[in-house]
Amino acid sequence: MHPSVPQPETRDPQIATALERAGRSPDSLLPVLQMLNRQRGGLSDATVRDVSRAMNVPAERVEGVATFYSLLSRPPQAGRTIRVCDGLTCWLNGATECRQALEQHAAERRGWRVTRSSCLGLCDRAPAALVEDRQCGPIAPDGAGDVVDGWTGAMPTYGDPLPGEARFTLARGRRIDPWSIDEALAAGAYSGLRTALSGSQGAVIEAIETAGLTGRGGAGFPTARKWRMVAEAPDGPRFVICNADESEPLTFKDRVLMESDPHAVLEGMAVCGYAVGAAEGIVYIRGEYEPQARLLEAAIGQAVERGWLGGRIAGSGFSFHVHVHRGAGAYICGEETALLESLEGRRGEPRIRPPYPAAHGFRGQPTVVNNVETLATAAAILAQGAEAWRATGLPEAPGTRLFTLQGHIRRSGLVELPCGLTLRQIIDTFGGGMRPGSRFQFALTGGAAGTFVSGDQLDVPLGPAARQAGIAIGSGGILVCDESVSPVAVLREALHFFEQESCGKCTPCRIGTAQARRTLDRLLSGDGDAGDLRRLDEFARLLRNASFCGLGTSAADPIRTARERFPDEFERLVSR
Amino acid sequence: MSFRLTINGANVEADGGETILGVARRHGIEIPTLCDHPDLSVDGSCRLCLVELAGMPCPVASCAFPAAEGLAVTTESPALSDERRGILEMLLADYEGSGVAHEETEFERWVRHYGAQRPAWARSERRFAVDSDANPFIRVDFNECILCTRCVRACAEVQGRFVWGVAERGNDTRIVAGADTTMLDARCESCGACAAYCPTGALTDRASFNLGIIDRKVTTTCPYCGVGCQFDVNVRDDRVVAVTSNPAAPVNGLSLCVKGRYGHDFVDHPDRLLRPRVRRELLSVDGWRAPRDARGEWVEVDWDTALDLVASKFAAVHRDSGPDALGLLASAKCSNEENYLVQKLARQVLGTHNVDHCARLCHSSTVAGLSMAFGSGAMSNSMDDVAEHAAAMFLIGSNVTEQHPVFGTRIRQAVLRRGMKLVVADPRKIDITEFATLHVQHRPGTDVALLNGLMYAILAAEAHDRDFIRRRTEGFDEFRETVAKYPPKLVAEITGVPVEQLLEAATLLASHRPMAAVWAMGITQHTTGVMNVLCLANLQMLLGNMGVAGGGVNPLRGQNNVQGACDVGALPNVFPGYQAVTDADALTKFDDAWSLARRDRLQPVSADEDRLKPAAANEPATSLGLTTAPGQTVTEMVEAAGCGQIRALYILGENPASTDPDSNHVRRCLEQAEFIVVQEIFPSETAAYADVILPGTSWAERSGTFTNTERRVQLFRQAVSARGDARPDWQIIAELAKRVLELQERQPRGPCAAWNYAGPAEIMDEIAALTPSYTGVSYERLERGERLQWPVPSAEHPGTPILHCEKFTRGKGRFHPVEHLPARELPDHDYPLLLTTGRVLYHWHGGEMTRRSRGLAAVYPESLVEVSPEDAVRLGITDGRPVILESRRGRQQAVAVVTSRVAAGVVFGNFHFPGERNVNNVTNAALDPVAKIPEYKVCAVRLTPDAQRSGKPVS
């Protein structure tokens, strides 16, 4: 019940081992449950009670965590699990049929269980699935049997830049073996950290400020300002957290970055740690990115071995230890305060702000939470200089950013582009144009929590002008659709995602996302009426005005922009 | 740092750290909210409290938004009403009621206020089972849950119990108990905090559900333990249908325990005594029963008959055998006014100091010990003070979360919120040990050794407060020599506490000051009770913890008015206000105040009022015949009644047949007593031995004051009319006094001699006139809401939350050298187990009220005996099976609970159940030589499976 109560010994050897490995503090609750979930196929009543007793955490709290995360099974489920991605791109690429085929195979073979999952971050392998913890795709219409037999498919590599791409953050890209620190070092890894360590902490922040780097997770907060707040916080421990909980539908840039060049991310964390005076860094990576987590752990091991992480880095007085913390299936944990709650062993419900993490973050200490791309870019800026960074992009939005392109275009995938290109340039130059015989109808930019963009907005530069025009860049995910799909149907899939991923804390998001999805179902099935449209607008208004966190407020954006920019598509469903 | 902002155009002050909602609330501006509550942490989930800020594009949640300089806040606008109605309609969509609570809920109120309608798109099916939990007190229907999580936070932050939690996510989010189980299985204490904070009907009072809206609420004080919680009795059709918390309650706020919130239905239990009863033989001429004869059958009579009978017996005994042939037991359950009247009846009318009450059995050793050390026997600090300011607490011999539950929750809060260090010394792993920094599990009856050992370690570390000892105490050197005889190794041998633990405890207590010492009957109910208390006084002087906020000596009094009953002199050795009967000046004072005159028989007698008006001052006073020798104690009077030395025993609301130790012996005494009057609300075990039963009213049917454990005088108010012919106890006592005086041909003469009270307020005025510590107490002040803790030396004095601040009542605090003595009876070959006794959360005292409360009886229906797993295996006892507990004095039938709460070799029983099931059949009546308190806490027993009843496992 209380931390100071002596820890009762558990007689359950698996729990005892889990506690030994993860630690006994309540912070370790999620890792402990993850271990037991893996060993036992889920979490039974008895497991919840035993963990409660062994960790001295109230049973209700264990229950709350055990039922919050989608990768934990409460109660245990028999069989191995295939999670078929429900993401927008997978849906567009036939995930529904793929899931039905897999269900049929699973029923025939026994020992398998097929479930749905929110976007797995494998949009470049759509339709994709997670088979236990193996990432799998693209699954061919007749490929279900292969999946059950162990086929996974391969990760696309983004080794060579397309003409016109500006590789800065992803400069080393896939030209190196991500498992080899030697190759990374030969290609310049940790030179940014070396530069940082040769100067003052303030100089690092100044470099980032000069570069004008803004957060790449979606919110776009000036990175240097965040670092400075933490650097100037009163004495005491502080933390650097790499937000690798990339779960926004249409977005897989962080995954590619981590699996291509893990050291870029670790270097960025160390640079940040040096700048803000932190000695500990944590990578919070989504649980579905197990191979990427392993790669990062290996990279950390190598970096420590070579003296680029750990105690007294590169002979300096600066020590910085990094470890990897796996999420357990919850989009909301990409919200930085929900991430902190999750790291502290609780349900991933966002915290009240203020105080902000920069003042009161992990374990109540000043904490930088930065996106993967942001940190990797920071390392590159230190290595190549702020001027090199400012040489690309727009003066008011300098540098490059990663975009993930998908939908009805010729070439899907990840590109690193100078800031300020228009959507038309991006589609035509890097997406190869619309797929044969099709015309652009709309795009969804910035992920599911983004905006519907109409054809008359294609020439708006994706810089500050985009914001004024009501076009979200967000985390760089772009879905391009032709006339074969209705924006209302895409909106319905986006709302389905929010309904699945709402933490349930606040009224508008808990009830509004679910009811908006039901309203869209009604409309799409032809049962809707004009009242449903008014209702949809009211849900959007309440989500935007009254939600607790960004998940709810941004869930309003696709509704609002779809309604504004494609009114006829809605009216048609009503008058039908 | 304070600053200004505007709310709805008006300038308001705010402080750093306040939210907009907090500032508005403080200025009386209501902003609607469902999840927010001033007692609870901010959640920010319901979103109803949206307000507009000038310059902000979207409204903000005022519960979570910090107030800041220059903000311009608008709390009402058409747009805000739309947002709020929209939110309420979203909530209504997931909401399905199934009946009505006894008053409109907060949710219903806001729905009505904003005209929100259940939307057409609402769910059509119920999501959850209606009435989904078997908790006997709280009705659960999550179809009415809006997920505000007040219940979760109230359980964790107010009650410190962590029963409720949030499970699942998104639209499937729901409230669960523990690992998704039943409330009781999730360790619910049924305090009802969750229901009190619930703004909808999801968690509501089972007993009052669907009874209809109440007629009125009456604010009153709880009739159970000494914490003195206040709450509102909810009345419908002249019945108590529910109890609701009142945020203005001084001690408890919205907190209550299961007894206080749900244990009130005894008021209308069919067992209530509604008419006076006498034994048939008493109605015939010369029908007095000869000693040792069996008593005849009961006959219901009118009040005059009953009262005349009692008065004539009292007058006759007084006349024939002298004052000390009468004995009166007052009651810690009755009011100050009633206890005052009982002792006035004893002393003024009957001329005897033979008046005592059950304080004898709970804290007489505290009163004696603290009086010896400091000159005053009460709790020195306040519960709130200790909970807010103590850096450390030493809790010894107090199962606080069960016996003083609401103070127990305050201790939990102090640990959770402020990190207060808590050292618990108790032979059992009681619940509060879960919150302890250190639990010292010493053997029962080794408190002196333990405390001397701690003080040895403190002195050895030179951690004692030299300055305090020099300035404010005496007797230190002699004390120090005695303590020097208790080195850790020896203490470890005596107490069973490892040396390291002993030293750790000493370090914790010495290094965190102020440290509050808190104890209850684990300290007092020993043959060494007074010595135990002296040791605690020594400890607090040694560490300089006296007279400071957050420190002090804090005995927790057991019953609702045990403090007050002592204060007003229901004790054999003191007049009201602890004015010793041995003090000739005090005797004179009361002889004058209560003086009587011989009634002139020739004077015409028209009406009672005239007859009992104080006689003219020039009429000669007659001495009351009081001596300076203290009267007899409870235990002595019962004994004396058994052997005929006391011929008439008057028992007000006490139950010695059940609650005194060695009850077989007590019953024999009562059986043989010549004449017993019992004034009661229920036919208690003791009432079975009565010759006359006078039906009193329950606490809900009359008014008066109780004084709680921290010396706080509080009103309780009549909420419903008297049941049957029952009368308020104060009226019965006054009526009896008048009749005895009439028979004695005496009449009041002194200023406080009369018995014509219009009501309890007048009695309090008389108490105030005679009791220095109550001088400034009056109903007028109490009705005004003044919070008075005695001493209140004048009508202007605000009361005294902390005693002994500048100097002790006796001048210097006195150290007493105290040596360890073993308990009177220890386990041996024939009786190899050590029995310790106490109470449980769901019952109170002899259980006369709680066993007649449906929910309490349902949740704890059987007398349980706790036995360790080790002993259980050895004795062939399994959990839930009937057992027999035996000592040299008697046997108890019980049901075994096999639990590691008790150490091997120790068993624990309670005295809440009557007859065969009472642990007092077994306990030892050995007394502390000074305080005459019995050693309930230690005796030797054996435990065996009950072969005859073994077929029926009891769940």
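## Nonpolar cores

A nonpolar core is a set of buried Ala, Val, Leu, Ile, Met, Phe, Trp, Tyr and Cys residues joined through C-beta atoms within 7 Å, where buried means that 20 or more other C-beta atoms, placed from the backbone, lie within 10 Å of a residue's own. In this predicted model, local features need pLDDT of at least 70 and side-chain atom pairs count only at pLDDT 80 or more, while totals for chains, interfaces and linings use all residues. Residues are numbered from 1 along each chain as its sequence is written, and chains are lettered from A in the order in which they are written.

The largest core holds 468 residues, and Val271(A), Met393(B) and Leu454(B) touch the most other members. Beyond four places in sequence, the contacts (C-beta atoms within 7 Å) of Val271(A) include Gly192(A), Val204(A) and Leu382(A). A second, separate core has 28 residues, among them Ala823(B) and Leu943(B).

## A helix pair in chain B

Helices here are DSSP runs (H or I, at least four residues), numbered from the N terminus. The axes of α14(B), residues 447-460, and α20(B), residues 529-542, come within 9 Å and cross at roughly 15°. That makes the two helices roughly parallel (angles under 35 degrees).

Leu454(B) turns up again here, on the α14(B) side of the contact, while Leu539(B) is one of the residues from α20(B). The contact residues divide into 10 nonpolar, three polar and one charged.

## An exposed glycine

Gly111(A) sits in the loop between α6 (95-109) and β2 (112-117) of chain A. Gly111(A) counts as exposed (12 or fewer neighbours) because it has 9 C-beta neighbours inside 10 Å. Leaving out residues up to four places away in sequence, Gly111(A) touches Gly79(A) and Arg80(A).

Definitions and conventions
Two residues are in contact if their C-beta atoms, placed from the backbone, lie within 7 Å. Axes are lines fitted to C-alpha atoms, for helices over the stretch in contact, and angles run from 0 to 180 degrees between N-to-C directions. Angles under 35 degrees count as roughly parallel, over 145 as roughly antiparallel, 65 to 115 as roughly perpendicular and the rest as oblique. Ala, Val, Leu, Ile, Met, Phe, Trp, Tyr, Cys and Pro count as nonpolar, Asp, Glu, Lys and Arg as charged, and the others, Gly among them, as polar.
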